[in-house]
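Thanks for coming. I will go through a few local features of one structure, beginning with the aromatic residues. Please have the sequence and the model open.

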Amino acid sequence: MDPVDLAIVGGGVIGALIAHEAVAAFPDARVAVLERGLIGQGASSRSAGVHFPRGATARVRSMSEHSHHVWERLATELDLPIREVDATVVSTGDADALSTTYLRLGDETAPADPARGWSAPPRGRAWTLHGCHYADVQGVAGRVLASLRDQVTVLEGTEVTELSSDGAYHRLTLGQGGELLARRVVLAPGPWLAHPAWADLVAPLGLRVKKVVATHLESAPAPDDPLTIFQDEDAFLLPLHGRGHFLFSYTCDRWDVAPDDVELALERSDLDDARAVLGRFAPDLAARCNSGRVFCDAYSPSREPVVAELRPGLVFAGAANGSGYRLAPAIAAETVAALDLTPTPNLSQPRQRQS
């Protein structure tokens, strides 16, 4: 394969959005996406795909706002599998405090709904939240890259086993044999931080991998059931209308797991923890937490996404702290801004290494 201007290692939603951003900013750049499985098959396939405009820091709020507008545009342009959903935020705080975190907080509403078996927490209040949706994230990643097939080379089933550089090019050794030379490389590996090809490069960033759990509730949502965000618990209840059940995501505090660990599975303690949190608001629903999905994500010390140059022309993009889908467009924009992708005329194969 001829050398490329940019090689993106990782074909999840972040990698797909980086490819989209790179082609939009540099239409003549030669771009390749390398994915060891199928596009969107890794962490993206387990994601709840929920988007709500919020951020605990000014940078994350700005990233959330940027991503909100990009998802609105791409949903229409590419007919992405995205569904808008009404939303409510439940908290014991006040509107002023929540407005610092949530970008589109609406009017106060009732925090309890006896007809649905909902109870309000002590001193609990609720507000509507605008601009929310959820998506089939694997489908989004696939459709974004499908729209770029005439501009981007997509290599599935292609593992990068070694990364090296001679100054002018980065050399990617491929698992099925052969090499790819790239002027610039982006690592978007999701939670696969410990891969031998880049573990030493990524280690100084101080990232950790945390287990992520979402339980599935055996209850069909009504068409007008909202996404409910429990701000104090850092949890949310999402009606998955297309699948015919609710999803409840809560904060699991198990760290330093590995994405390929066979023990990374739904445990009884996970269900017990989920029921304990949801039971404070909707006991009937909590009793229906009997299954779910488990995976993991990379987290940064600052709890902000990381876009960092590891060596000249080699950038890490990720550590989205469980918000990879929600912030993917903004992560992509920051990543491409960190790279000089102006194509080099007559890009040619450098001399091969002597054996």
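A residue counts as buried when its relative accessible area is under 20%. Tyr250, at a relative accessible area of 6%, is therefore buried. Phe248 is buried too, with a value of 0%. Before I go on, note that this is a predicted model.

Now the rings. A pair of aromatic rings is described by the distance of the centres and the angle of the planes. There are 7 aromatic pairs in the structure. In one of them, Phe248 and Tyr250 have ring centres 6.5 Å apart and planes at 15°, and planes under 30 degrees apart count as stacked, so this pair is stacked. Phe248 and Tyr250 also belong to a cluster linked by ring pairs, together with Phe230 and Phe281.

Next, charges over rings. Arg46 has its charged end over the ring of Phe295, at 4.0 Å from the ring centre. Lys210 lies over the face of Trp255, and here the distance to the ring centre is 5.9 Å.

On to the strands. Which order do the 3 strands of the open sheet take? The order is β3-β8-β4, with antiparallel pairing. The edges are β3, residues 50–51, and β4, residues 82–84, each of which pairs on one side only. Between β3 and β8, the latter being residues 133–135, the antiparallel pairing runs over 2 bridges. Val50 has Tyr134 in β8 as its bridge partner.

Now helix α1, residues 13–25. At 1.5 Å a residue, its 13 residues should span 18 Å, and the end C-alpha atoms are 18 Å apart, so the two values agree. Is α1 mostly covered or mostly uncovered? Mostly covered: 10 of the 13 residues are buried. Among the buried ones are Val13, Ile14, Leu17, Ile18, His20 and Val23.

Last, empty space. Rolling a probe the size of a water molecule over the atoms shows where such space is left. The second largest pocket holds about 550 Å³. Its lining consists of 31 residues, and those nearest the centre are Val85, Asp86, Ala87, Thr88 and Pro226. Which element gives the most to this lining? That is α3, with 4 residues. Elements that each supply at least two lining residues include α3 (58–77), β5 (87–91), β7 (125–129) and β14 (227–230).

Methods
Residues are numbered from 1 along each chain as its sequence is written. This is a predicted model: local features need pLDDT of at least 70, side-chain atom pairs count only at pLDDT 80 or more; totals for chains, interfaces and linings use all residues. Side-chain values use heavy atoms; hydrogens and water are left out. Rings of Phe, Tyr and Trp (its six-membered ring) pair if their centres lie within 6.5 Å; planes under 30 degrees apart count as stacked, over 60 as edge-to-face and the rest as tilted. Buried means under 20% relative accessible area, exposed over 50%, partly exposed in between (1.4 Å probe, protein chains only). A charge sits over a ring if NZ of Lys or CZ of Arg is within 6 Å of the ring centre and within 35 degrees of the ring normal. Two strands pair if DSSP finds at least two bridges between them. The expected span of a helix is 1.5 Å times one less than its number of residues. On a 1 Å grid over the protein atoms alone, a cavity is a set of points where a 1.4 Å probe fits but cannot get out, and a pocket is an open set with protein on both sides within 12 Å along at least five of seven lines; lining residues have an atom within 4 Å of a point. Grid points are joined across faces, edges and corners, and a volume is the space filled by probe spheres set on the points.
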